[in-house]
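Thanks for making the time this morning.

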Amino acid sequence: MFPLKSFPQTSNQSGFTLLELVLVMFIIALVASTPLLFIDEQDQQLRYEETKEKIRLIKNALLHQKTYRDMPLFSGFIIDNGVLPSASTADLLANSTNWSETWLSSGIVHPYFQTNTDNGDLSNFDIRKGHIGTYITSFTDSDGALKDSWGNDFSFTVNASEGASASLAITATPPPSVVTYPEIRKELHSEEWQITLSDLNILLSTNSSEASTHVAALLIFKNQEAITNQDYWSTYHFTAVVPAAVTDVSGGLLSLGRFSSKSAVWYRNDESTALTASSTYIPAGEHLLILDPETSLTPDTAIYEYINVIPGAPQPTITLKVN
């Protein structure tokens with residue numbers, strides 16, 4: 001008998017090793033996560049762009065410039081109130097109780113003057129000032145708050161309430177997880193919303209044959225927490241001795257008598273210390289300029305002008321003709 005031969009056995013079964021399975025799962029996860037990473041990056045970019053738009057909206061709510069017939073026109077919080085807001089966007093929102101408690105609401109108000117010699121309410125003169133309460137109406141959340149696109153409050157940094165350093169910075173900082181986007185920041189500089197008294201050219205002129213003395217008063221409204229109407233107003237004033245006009249022997253007018261504020265000594269309210277005109281700032285907006293306010297109590301008899309202060313541009317000469 002011959003011994004039986006054994007042949008190698010073959011099998012039709014096949015499969016993957018554990019290493020191969022792990023590798024396949026890794027590739028599947030990588031392919032699946034790639035769109036998610038792209039979507040997340042796109043989402044962060046949209047949040048970043050929207051936050052920049054919100055900061056632009058905030059700055060325009062503070063001070064917005066447009067051009068009409070080649071003339072700059074300004075509007076916004078600063079024009080209405082004469083001051084910077086506090087360190088919060090709450091002052092710019094319609095539904096905030098903050099502004100209604102600490103700011104005078106928009107309406108017709110009567111200027112109040114205070115000089116070295118007299119003071120009083122110019123009740124027959126009207127000017128519209130005050131907080132309108134609706135400077136920002138878009139991008140607010142369900143609670144009426146304005147936050148950046150990551151749900152955080154904007155940072156407001158007010159450097160000073162007035163003067164050369166009176167500027168405001170609005171900042172949004174992306175969360176630490178968004179490492180590719182820098183801090184978003186816009187600033188409202190002092191020269192964007194103020195001018196100095198030396199920038200004004202107030203000209204008093206007369207055709208009278210006699211010299212005369214007058215007080216020119218510029219009344220500035222600054223919205224703030226106040227008890228009486230007087231607390232909202234600052235009076236910047238100077239005394240002008242207007243020389244007599246020059247006439248010929250027959251009485252014919254040769255030249256007007258003139259006095260310019262460029263040579264004036266300015267004072268504020270009843271303070272005895274003279275101001276430095278080149279470093280004393282007044283806000284953009286409409287203000288009342290009135291001559292001899294203690295005696296000129298009605299528009300029918302007063303010499304006055306409503307002037308528009310325009311920052312960043314040469315101020316036009318304001319001429320008051322006196323007797």
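This is a predicted model: local features need pLDDT of at least 70, side-chain atom pairs count only at pLDDT 80 or more; totals for chains, interfaces and linings use all residues.

**A lysine and its surroundings**

In the chain, K222 sits in the loop that links β12, residues 212-221, to β13, residues 233-242.

What does K222 touch, once residues up to four places away in sequence are set aside? The list consists of N81, G82, V83, E162, Y232, Y236 and P283. Two of these deserve a separate word: the side chains of K222 and E162 are joined by a polar contact of 2.8 Å, and the side chain of K222 also makes a polar contact with that of Y236, at 3.5 Å. For orientation along the chain, S234 is 12 residues from K222 in sequence, while the C-alpha to C-alpha separation of K222 and S234 is 7.6 Å.

Now to the sheet. The two strands on either side of that loop, β12 and β13, belong to an open sheet of 5 strands, in the order β17-β13-β12-β19-β20, with antiparallel pairing. Its edge strands are β17, residues 267-268, and β20, residues 303-309, each of which pairs on one side only. Between β13 and β17, which run antiparallel, there are 2 bridges, and H237 stands opposite Y267 in β17.

Let me turn to the aromatic side chains, where the structure holds 9 pairs. One of them is F125 with Y304: the ring centres are 5.0 Å apart and the planes meet at 85°, so the pair is edge-to-face. Because F125 lies in the loop between β5 (119-121) and β6 (127-129), whereas Y304 lies in strand β20, this pair ties together parts that are 179 residues apart in sequence. Are the two partners buried or exposed? F125 is buried, with a relative accessible area of 1%, whereas Y304 is partly exposed, at 30%.

A second pair, F238 with F259, has its ring centres 6.0 Å apart and its planes at 25°, and therefore counts as stacked. Here F238 belongs to strand β13 and F259 to strand β16, residues 257-260, so that the parts tied together are 21 residues apart in sequence. F238 is buried at 0% relative accessibility, and F259 is likewise buried, at 14%, because the cut-off for buried is under 20%.

Finally, I would point you to F77, W103 and Y135, which form one aromatic cluster.

Notes. Residues are numbered from 1 along each chain as its sequence is written. Side-chain values use heavy atoms; hydrogens and water are left out. Helices (H or I, at least four residues) and strands (E, at least two) are DSSP runs, numbered from the N terminus. Contact means heavy atoms within 4.5 Å. A polar contact is a pair of N or O atoms within 3.5 Å; within protein, one must be able to donate a hydrogen and the other to accept it, and residues adjacent in sequence count only if both atoms are side-chain atoms. Two strands pair if DSSP finds at least two bridges between them. Rings of Phe, Tyr and Trp (its six-membered ring) pair if their centres lie within 6.5 Å; planes under 30 degrees apart count as stacked, over 60 as edge-to-face and the rest as tilted. Buried means under 20% relative accessible area, exposed over 50%, partly exposed in between (1.4 Å probe, protein chains only).
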